[in-house]
Amino acid sequence: MLSLAGGREQVSVEGRTVREVIANLNRAHNGFRDRLCRDDKLKPTIAVVVDGEISSLGMRQKVSLESEVQFLPAMSGG
Amino acid sequence: MSNASKNGNGNGKYKVIGTRPIRHDGVDKVTGRAAYGIDTHLGGMLYGQILRSPHPYARIRGIDTSKAKALKGVRAVITAADLPPSEADEVLNLVEGSFRLKDLRSNILADEKVFYQGHSVAAVAATNLHIAEEALQLIEVDYEILPHVDDVVAAMRDDAPLLHEDLTTKEFGEDTGKNSNIASHIQFKLGDLEKGFAESDIIVEEEFETASVHQGYIESHNATAEWKTDGQLTVWTSTQGAFGVQKQTAAILGLPVSKVRVVPMEIGGGFGGKIPVYLAPQAAILSKKCGHPVKIVMTRADVFRSTGPTPSSYVKVKLGADNSGKLLAAQATIAFAAGAFPGSPVGAGAVCVLSCYAIPNGLVDGYDVVLNRPRSAAYRAPGSTQVNLAVETLMDEIAVKLGMDPIELRLLNAAEEGTRRVDGAVYPVVGCRETLEQTKVHEHYLAPLSGPHQGRGVATGFWMNAGLKSTVTANVNEDGTVNLMEGSTDIGGSRASIAMQFAEVLGLPAEAVNPMVGDTASVGYTELTGGSRVTFATGWAAYEAAQEVKKILIGKAALYWETTEDEVRFEEGDFVHSTDPEKRLTFKELAGHLVDLGGPVVGTGAVDPNSGVGGSFTTCIADVEVDPETGKIKILRFTMIQDAGTAIHPSYVEGQMQGGSVQGIGWALNEEYFYNEGRMQNASFLDYRIPTCLDVPMIETVIVEVPHPDHPFGVRGVGEASIAPPPAAIANAIYDAVGIRLHELPMRPDRVLAACLAKEEAEAATANG
Amino acid sequence: MQNFEYLAPETLSEAVNLLAGNEGQTRVLAGGTDLIVQLRQGALSADHVLDVKHLPECNELGYAPSEGLTIGAAVPCHRIYNDGAIADAYPGLIDAAAIIGGIQVQGRATFGGNLCNASPSADSIPILIAYGAECVIAGPQGNRRVAVEDFCTAPGKNILEKGELLVALHLPSVQKSSGAHYLRFIPRYEMDIAVVGAGASVQLDEGGKMFVQARIGLAAVAPTPLFAREAGQLLSGKEVSEESIETAALAAQSIARPISDMRAPADYRKHLVKVLTRRALLGAIRRARGEFVPNAVQENGQ
Amino acid sequence: MNSKAHVKTTINGEEMEFLCEPRQSLLEVLRDDLGLTGTKEGCNDGNCGACSVIIDNVLVNACLVFAVEIQGCRVFTIEGLASPEGLHPLQQKFLENASLQCGICTPGFLVAAKALLDHNPDPTEHEVRHWLAGNLCRCTGYDKIVRAVLKAAEVGRETTAPAGSSN
């Protein structure tokens with residue numbers, strides 16, 4: 001992931017949904033979408049966290065201009 | 001501390017919440033009438049048994065079931081050939097993780113290889129249990145024994161025997177293509193690690209190992225299945241989640257979920273271990289083959305050998321702090337033994353390892369490793385206890401080196417609102433600091449120790465808690481009571497805590513609500529009972545259902561008074577006419593009129609709250625006495641201080657804290673999977689030593705209440721965090737008592753003694769030198 | 001479990017005839033706390049199970065200060081520790097009876113069964129050896145008596161011949177100024193199998209200053225329970241002192257040849273032999289002097 | 001050999017007869033043949049106490065008794081603890097003190113505790129813990145169980161009439 005983003009841990013992109021954020025990321029750093037998604041869905045091993053909350057809506061999760069979006073390994077819980 | 005309260009009074013603002021009513025299912029459970037999975041009995045029922053591998057790793061060259069089939073009383077014998085074929089990359093997504101269907105099926109009935117001692121190979125149904133047992137001995141399996149690996153560090157080496165030819169290491173969505181027992185590698189990074197360590201005045205670093213431990217629930221795994229000729233399958237079982245069993249069973253059998261109905265029976269303990277499916281698919285196929293319901297109950301030895309222990313672990317942690325005790329940098333390497341198939345909670349371990357503190361620079365690497373042991377399963381705060389031992393022992397070392405009080409050191413670094421965790425998440429309002437402040441002033445912490453070889457230790461722990469989908473349906477009865485149908489199996493009093501949240505909204509006594517757990521055909525989708533989520537999420541669904549009931553009843557009251565809804569208010573549990581104060585109906589009175597007021601009153605709550613990163617923090621104090629001649633540890637006094645958000649039923653909150661504490665004590669002192677040549681040697685409650693009531697004192701509790709900012713009643717969930725810190729607290733207490741540091745769980749008497757003797761020798765050498 | 005024929009003879013001769021005459025494997029059932037588990041796990045097989053609980057001789061629990069104590073082979077632990085006179089006279093026996101399994105197991109388990117099961121770690125055997133107990137054995141050729149320390153021959157094996165039955169255990173009467181104590185080491189505080197067990201009985205002179213004689217038995221340190229004969233003999237005529245006790249403990253340790261297994265490593269067991277022998281002797285000495293030494297049930301017991 | 005044994009016994013005060021194979025444990029017969037599933041199976045080897053029953057006033061594990069052995073005996077199980085008038089003080093105290101979570105060990109603990117109080121109406125905390133050490137509970141950490149037994153003992157001593165039905 002870091003190599004895809006040129007070593008940067010935080011990048012700023014626009015988008016109203018997680019899908020748009022990923023699309024814009026992919027435009028700037030080719031390969032992002034393939035790392036995170038399969039068949040227009042987040043891979044089951046990837047979780048998206050928007051403003052500190054793990055979203056259960058995946059690609060459809062809405063984000064705002066100031067939102068912080070994180071991609072994390074999905075947790076197995078108990 | 002401004003909005004924190006103590007000991008479960010719910011901040012004094014509730015009527016039902018914070019009280020201690022008798023649980024609704026209590027009488028059935030103290031009279032022996034409650035029906036657990038093992039109690040299932042159906043007409044014409046046959047008994048199933050599972051043949052299991054005696055070898056840790058072997059290729060199956062052939063299975064001959066003919067002699068077993070010929071035994072009088074045997075009705076069916078099945079093997080992996082009776083399961084649907086698997087595509088290589090078919091995946092089943094569950095909230096507890098994503099699993100290759102191929103692996104799930106292999107765990108149910110091994111096809112090409114057995115991956116661990118106890119791996120299911122064949123199953124038999126017969127007219128009684130003893131005949132089924134005899135039949136197992138008549139099944140001939142031709143094994144080609146393979147070299148095995150059962151240690152997590154050894155399994156990671158390049159020259160280790162490989163378990164799965166098609167398994168390659170995954171790194172955050174990328175397949176490295178490298179064939180290995182390392183199923184995945186995850187990494188979290190925050191700040192500038194090198195700079196953080198360079199600026200540190202004090203650096204501590206140690207390696208730790210923990211043994212596999214079992215959840216140890218007293219009821220064995222069980223499943224009874226009936227496959228009717230119309231193709232409809234019903235499964236009665238003890239499970240933490242009926243819908244999860246439905247999904248897993250349907251996927252393994254290649255059925256649509258609608259063909260599988262799962263009836264959750266009362267469940268005799270789970271702690272994470274009754275999330276996976278172990279027996280339902282075999283019982284189902286056997287039932288299909290013989291046209292009768294089939295019941296399978298595991299023996300205790302099979303429970304140990306074949307079902308989810310928590311992973312054994314290797315954890316290395318390095319902490320850097322300045323001279324004031326402020327943490328500046330932290331690095332952790334974590335390897336978890338997933339067992340035969342990928343899927344350990346190493347991700348959770350990687351989140352939890354540095355979760356209690358504000359640390360600006362951090363790096364965490366986690367490895368999920370397969371080896372020849374049973375597929376691991378969740379166990380109470382999965383992954384947190386293993387990593388807690390490492391960090392909390394090192395925190396104690398820093399406190400000793402700096403001459404600081406260990407609670408002051410933790411307070412100086414405590415995570416709080418706005419703290420960014422190493423995985424990037426930022427905490428909302430959390431109660432870490434509040435548990436530490438309560439610890440500092442607790443009578444236990446201030447009391448003197450009373451004799452030689454006694455010591456006191458503290459540790460702080462964390463679990464993230466889950467949200468997830470839950471459904472509750474409320475039906476109002478004409479006598480003013482409410483039937484509440486919910487989907488969360490009740491493993492420790494959750495019927496009461498859900499009913500109480502419902503009752504709170506409507507001003508009802510807890511006893512007026514009759515909570516029931518529905519099966520997959522009678523209640524809306526509800527995720528598992530786990531992740532400390534039931535009181536939080538299903539309680540939230542109950543709150544929403546109550547809101548809907550209230551809204552409908554306001555309409556009914558308006559209809560009754562022949563006015564409009566905006567003329568009716570709900571106050572103090574009564575429906576009141578806004579302009580005519582004479583008109584006032586209690587809930588019960590209004591319910592009594594419902595027969596003439598149109599359609600039935602049904603409220604539904606269906607929620608999917610985000611997990612958030614609130615979580616629950618806990619701190620514990622342990623006093624121990626060490627017998628320096630034998631190394632035996634006695635727990636003299638033990639106190640657990642935990643943030644519950646809001647305690648709905650304080651007795652059951654205390655119960656969770658006490659139960660988690662004692663499981664943590666067992667993990668610390670005596671519990672372990674003892675392996676020899678890949679075979680578990682101690683697969684019984686005799687030699688797998690869970691604590692008895694003579695091993696522990698009363699467990700004191702302090703419930704801290706820092707309400708969850710989003711939950712309607714501020715609930716956080718309290719089921720899990722309490723298991724994490726006891727091993728470290730006990731390790732620190734042992735250090736305080738006799739000056740030795742143990743880096744391996746369990747801290748068995750022989751290890752304690754060896755460390756005591758080594759210390760004496762070292763001191764003698766120093767004195768002589 | 002394979003099916004079997006259940007036999008419940010009511011006379012000793014009938015029992016001996018059945019044991020001697022039956023084809024196939026006949027297993028003797030007393031409390032069943034070992035046998036039933038072993039049959040269920042397939043460790044043992046049985047064509048016949050012979051229940052000795054209906055034999056009067058096996059149910060006898062008789063104590064007279066001058067005669068000693070007779071414990072029928074089918075007498076469960078709870079009968080022993082609930083008998084006040086026996087508990088007063090043989091406190092070391094109670095130490096063992098109160099820690100074999102939980103209360104439920106003590107409701108069924110017998111000293112006779114514990115002995116016949118011949119486990120190296122049996123809790124009752126070291127203290128029986130220390131008390132100088134004898135086995136009363138009935139057989140087709142009549143009765144014979146054998147010292148407890150000579151009864152076990154290997155793990156799970158004993159000297160009983162086909163047709164023979166352990167009827168009772170007999171403990172000699174208690175001498176003045178004597179005391180006994182059994183203790184074991186386990187990782188938990190109850191419910192475990194002994195990692196090491198040590199039982200000691202001592203007789204002191206009237207002043208309580210000198211050893212007249214001592215006997216020491218050990219568990220879980222060899223293929224059979226051990227009689228540490230020399231360790232006890234070393235104390236005869238010696239002053240009661242830290243040194244003499246240490247000498248005996250070292251002698252007991254020297255004959256221990258434990259194994260490493262899931263319950264403990266061998267070197268640790270070896271270390272414990274010395275510690276436990278010393279503690280057993282100290283407890284026995286205190287009792288010989290009339291001091292109170294708690295057993296597991298009593299407060300401060302462990 | 002294959003014929004079943006005929007056993008006459010008294011269970012919770014009622015005379016009963018059943019047929020069983022000699023290899024069947026009392027636990028198996030109670031649960032599978034007599035429908036008395038309140039006695040639970042946890043380990044089937046005498047190490048968890050979930051199947052605690054009282055035979056002729058002696059507390060035992062039903063998994064370690066062959067059903068054929070109870071010919072002529074009086075057996076007491078959890079189903080006999082409450083009376084038509086109500087719960088036994090132990091049951092009441094377990095409920096009031098939240099002494100159960102999953103509840104699977106509860107019948108065994110209640111039967112064992114009844115045997116304790118029959119035998120020793122005024123136990124100390126240590127005596128309670130020693131007596132109950134053969135009953136495993138994985139949920140509660142034992143705290144609330146021990147407290148309930150001590151409180152039930154108090155009730156038993158306060159009431160003049162003997163508590164509940166004796167075996």
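## Domains of chain C

The domain assignment of chain C gives two parts: domain 1 covers 5-44 + 57-171, and domain 2 covers 178-288. Between the C-alpha centres of these two domains the distance is 23 Å. The contact involves 23 residues of domain 1 of chain C and 26 residues of domain 2 of chain C. This is a predicted model.

On the domain 1 side of this contact, the elements of chain C giving two or more residues are α6 (91-97), α9 (124-130) and β8 (152-154). The largest share comes from α9(C), with 5 residues. By class, the residues on the side of domain 1 of chain C that touches domain 2 of chain C are 15 nonpolar, 5 polar and 3 charged.

## Contacts between chains

There are 4 pairs of chains in contact, and chains B and D share the most contacts among them. Chain A and chain C are not joined by any contact, and their closest C-alpha atoms are 28 Å apart. Chain A does not touch chain D either; there the nearest C-alpha atoms lie 16 Å apart.

Chain A does meet chain B, in a contact that takes 21 residues from chain A and 35 residues from chain B. On the chain B side, the elements that give two or more residues are β5 (91-94), β6 (97-100), β12 (182-190) and α10 (346-352). Of these, α10(B) gives the most, with 3 residues. The side of chain B that touches chain A is made up of 15 nonpolar, 13 polar and 7 charged residues.

## Overall form of chain B

Chain B contains 20 helices and 36 strands. Its C-alpha trace spans about 95 × 70 × 50 Å along the principal axes. The radius of gyration of chain B is 27 Å, which agrees with the value near 27 Å for a compact globule of 769 residues.

Of the 769 residues in chain B, 64% count as buried. Among contacts in chain B with a separation of 6 or more, 80% are between residues 24 or more positions apart.

In chain B, 4 strands form an open sheet with mixed pairing, in the order β26-β25-β24-β30. The edge strands, each pairing on one side only, are β26 (513-517) and β30 (602-607) of chain B. Neighbouring strands of this sheet are turned against each other by 15° on average, direction ignored. Within the sheet, β24 (residues 470-476) and β25 (residues 482-486) of chain B run antiparallel and are joined by 5 bridges. Across this pair, Thr473(B) stands opposite Met485(B) of β25(B).

Helix α16 (residues 534-560) of chain B packs on the sheet and touches β24, β25 and β30 of chain B, with its direction at about 145° to that of β30(B). Helix α15 (residues 494-506) of chain B lies across β24, β25 and β26 of chain B and runs at about 135° to β26(B).

## Strand β32 and its partners

Strand β32 (residues 633-643) of chain B is largely enclosed by the rest of the structure, because 8 of its 11 residues are buried. Strands of a sheet pair through backbone hydrogen bonds, in either a parallel or an antiparallel sense. With β31 (residues 616-626) of chain B, strand β32(B) runs antiparallel, and 9 bridges join the two. Val624(B) has Ile635(B) in β32(B) as its bridge partner. The hairpin of β31(B) and β32(B) has 6 residues between the strands, and in it Gly631(B) takes a positive phi near 80°.

β32(B) also pairs with β35 (residues 699-705) of chain B, in the parallel sense and over 6 bridges. In this pairing, Phe638(B) has Ile699(B) in β35(B) as its bridge partner.

Thr234(B) is part of strand β16 (residues 233-237) of chain B. Thr234(B) is buried because 20 other C-beta atoms lie within 10 Å, and 20 or more is the cut-off for counting a residue as buried.

Leaving aside neighbours within four places in sequence, Thr234(B) is in contact with Glu226(B), Arg261(B) and Val263(B). Val262(B) is 28 residues away from Thr234(B) along the chain, yet their C-alpha atoms are separated by 5.8 Å.

Conventions: Residues numbered from 1 in each chain as written. Chains lettered and ligands numbered in written order. Predicted model: local features only at pLDDT ≥ 70, side-chain atom pairs only at ≥ 80, totals over all residues. Rg over C-alpha atoms; globule rule 2.2 N^0.38 Å. Buried ≥ 20, exposed ≤ 12 C-beta atoms within 10 Å, placed from the backbone. Contact = placed C-beta atoms within 7 Å. Domains from an automatic or database assignment. Nonpolar A, V, L, I, M, F, W, Y, C, P; charged D, E, K, R; others polar. Pairing = 2+ DSSP bridges. Axes fitted to C-alpha atoms, helices over the stretch in contact; angles between N-to-C directions.
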